[in-house]
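I opened the model today and kept short notes as I went. Here is what I looked up.

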Amino acid sequence: ASARDTTMSHDSIHTLKQKLSSTPLSEVLPKPLKPLVTVSPNHTIQQVFELLSENKIRSVPVIRLIDNDDKKTDGSKEEDSSTMASARIQMVDCADILYYFVDCVIRNKGNFDEFMQQRVGDVTNFSGRNPPPATLPLTDKLSVASSYLRKGMKRVFVEDDKKELIGIITHTDMMRIVEKYLHNTELGGKTIGELKVQQKIHHFVDETSNVVEAFETIRDYKLEYLPIVSSVNGTIISVISVRDIKLLFVEGKDMLNLTVMDYISQARQMFSGARETFPIFFCKTDYPLLNTVQRLLKTHVHRLIVTDDKQQPLGEVTVRNLLEHIFLED
């Protein structure tokens with residue numbers, strides 16, 4: 001029976017992959033289209049942080065205009081628009097800024113105010129964690145965009161017939177299309193335990209840890225977040241993510257003296273409202289795939305912590321892992 005179930009799951013995923021692959025990018029782009037928020041390498045970290053906060057976005061393109069010195073002079077054929085765009089576009093997000101902050105300010109005892117006035121170009125040069133994004137024409141299919149998952153990309157840019165950038169497609173945008181096709185399907189009813197899509201969580205902090213320790217762990221292991229567990233019984237209490245560095249930039253460096261729980265308590269109340277002091281986004285191994293995808297989309301997070309009935313962490317389910325499971329299925 002288990003072998004039959006595995007075959008059925010494989011066939012269901014293959015069918016879903018075929019449907020998704022033929023979906024045009026015009027259907028994947030968020031609606032309505034909004035003007036792209038971009039910055040130059042000369043914008044300061046302070047300015048970029050303010051843009052991220054004001055527009056409620058997690059990342060922003062850093063666009064370096066190509067001048068004459070960048071053009072080919074050997075007479076070779078001009079590169080396609082995707083390559084040219086990739087050469088002049090980098091991305092910066094909260095994780096990049098946090099990693100850079102840990103190295104410059106926490107470990108090298110740099111000046112906090114001077115750090116905030118540094119060029120964001122210095123952050124992208126330091127990080128190197130985001131591969132140059134691809135730029136695809138609006139007429140392409142989702143199969144082309146999904147192929148960049150193999151290269152570790154989090155997003156692709158989309159351009160119109162005039163070669164103007166009109167939008168960004170992220171893993172979450174792809175997941176919205178997955179959710180659409182999962183309704184009333186056998187695959188949508190399969191549990192995450194049956195599909196074996198959960199991954200192990202390797203790093204934790206407990207509620208007594210200093211927030212500096214949490215930030216350093218996130219930086220050292222290039223994480224997006226850390227689960228916070230009870231020092232008494234190991235149950236999940238909350239999480240601290242790279243986006244929580246926003247509190248530090250609003251309230252100042254004194255926030256580094258707080259425990260991780262005091263820090264995120266203030267962060268949640270400032271940015272989410274007091275009603276969500278310690279939000280925990282979790283699922284269980286018996287959750288159907290459709291419900292899991294819907295919870296990811298509803299909570300606007302990129303991962304759910306898989307717990308048992310006693311709130312002990314068993315692993316995680318991430319948007320990226322689910323997409324790879326579907327699109328990279330042979």
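**Entry 1: Asn42**

I started with Asn42, which is exposed, with a relative accessible area of 56%. This is a predicted model, so I read everything below as computed. I wrote "exposed" because the relative area of Asn42 is 56% and the cut-off is over 50%. I found Asn42 in the loop between α2 (25-28) and α3 (45-55). Its side chain makes a polar contact with the side chain of Arg119, at 2.9 Å. I also checked Asn42 against Arg64: they are 22 residues apart in sequence, and their C-alpha atoms are 9.4 Å apart in space.

The loop between α2 and α3 also holds Pro32. I looked at the peptide bond from Lys31 to Pro32 and found it cis, with omega near -10°.

**Entry 2: the whole chain**

I stepped back for the overall numbers. The protein has 330 residues, and 48% of them count as buried. I noted 16 helices and 11 strands. The exposed surface comes to about 16700 Å², with carbon and sulfur atoms supplying 49% of it. I also looked at contacts between residues at least 6 apart in sequence: 65% of these join residues at least 24 apart.

**Entry 3: α3 against α5**

Two packed helices are described by the angle between their axes and the distance between the axes. I looked up both for α3 and helix α5 (residues 94-107): the angle is about 145°, and the axes are 11 Å apart. The crossing of α3 and α5 is left-handed. Which residues meet here? From α3 I listed Ile45, Val48 and Leu52, and from α5 Cys94, Ile97 and Tyr100. Sorting the residues of this contact gave me six nonpolar, no polar and no charged.

Is Arg107 buried, exposed or partly exposed? I have it as partly exposed, because its relative accessibility is 34%, between the 20% and 50% cut-offs. Leaving out residues up to four places away in sequence, Arg107 touches Val102, Glu216, Arg219 and Asp220. With Glu216 there is a polar contact between the side chains, at 3.2 Å. Arg107 and Glu216 are 109 residues apart in sequence, yet 9.1 Å apart in space, C-alpha to C-alpha.

I then moved on to Lys109, in the loop between α5 and α6 (112-116). Its phi is near 55°, a positive value in a residue other than glycine. Lys109 is exposed, at a relative accessible area of 69%.

**Entry 4: Lys196**

I looked up another lysine with a positive phi: Lys196 is at about 55°, although it is not a glycine. Lys196 lies in the loop between α11 (192-195) and β6 (205-206). It counts as exposed, with 70% relative accessibility.

**Entry 5: α9 against α15**

My last stop was helix α9 (residues 171-182) with helix α15 (residues 289-299). Their axes come within 10 Å and cross at roughly 145°, and the crossing is left-handed. On the α9 side I listed Thr172, Met175, Arg176, Glu179 and Leu182; on the α15 side, Leu289, Leu290, Val293, Gln294 and Leu297. The residues of this contact divide into six nonpolar, two polar and two charged.

Methods. Residues are numbered from 1 along each chain as its sequence is written. This is a predicted model: local features need pLDDT of at least 70, side-chain atom pairs count only at pLDDT 80 or more; totals for chains, interfaces and linings use all residues. Side-chain values use heavy atoms; hydrogens and water are left out. Helices (H or I, at least four residues) and strands (E, at least two) are DSSP runs, numbered from the N terminus. Buried means under 20% relative accessible area, exposed over 50%, partly exposed in between (1.4 Å probe, protein chains only). A polar contact is a pair of N or O atoms within 3.5 Å; within protein, one must be able to donate a hydrogen and the other to accept it, and residues adjacent in sequence count only if both atoms are side-chain atoms. Contact means heavy atoms within 4.5 Å. Accessible areas come from the Shrake-Rupley method with a 1.4 Å probe; for residues, only the protein chains shown count as cover. Axes are lines fitted to C-alpha atoms, for helices over the stretch in contact, and angles run from 0 to 180 degrees between N-to-C directions. A crossing is left-handed if the near helix is turned anticlockwise from the far one by less than a right angle, and right-handed if clockwise. Ala, Val, Leu, Ile, Met, Phe, Trp, Tyr, Cys and Pro count as nonpolar, Asp, Glu, Lys and Arg as charged, and the others, Gly among them, as polar.
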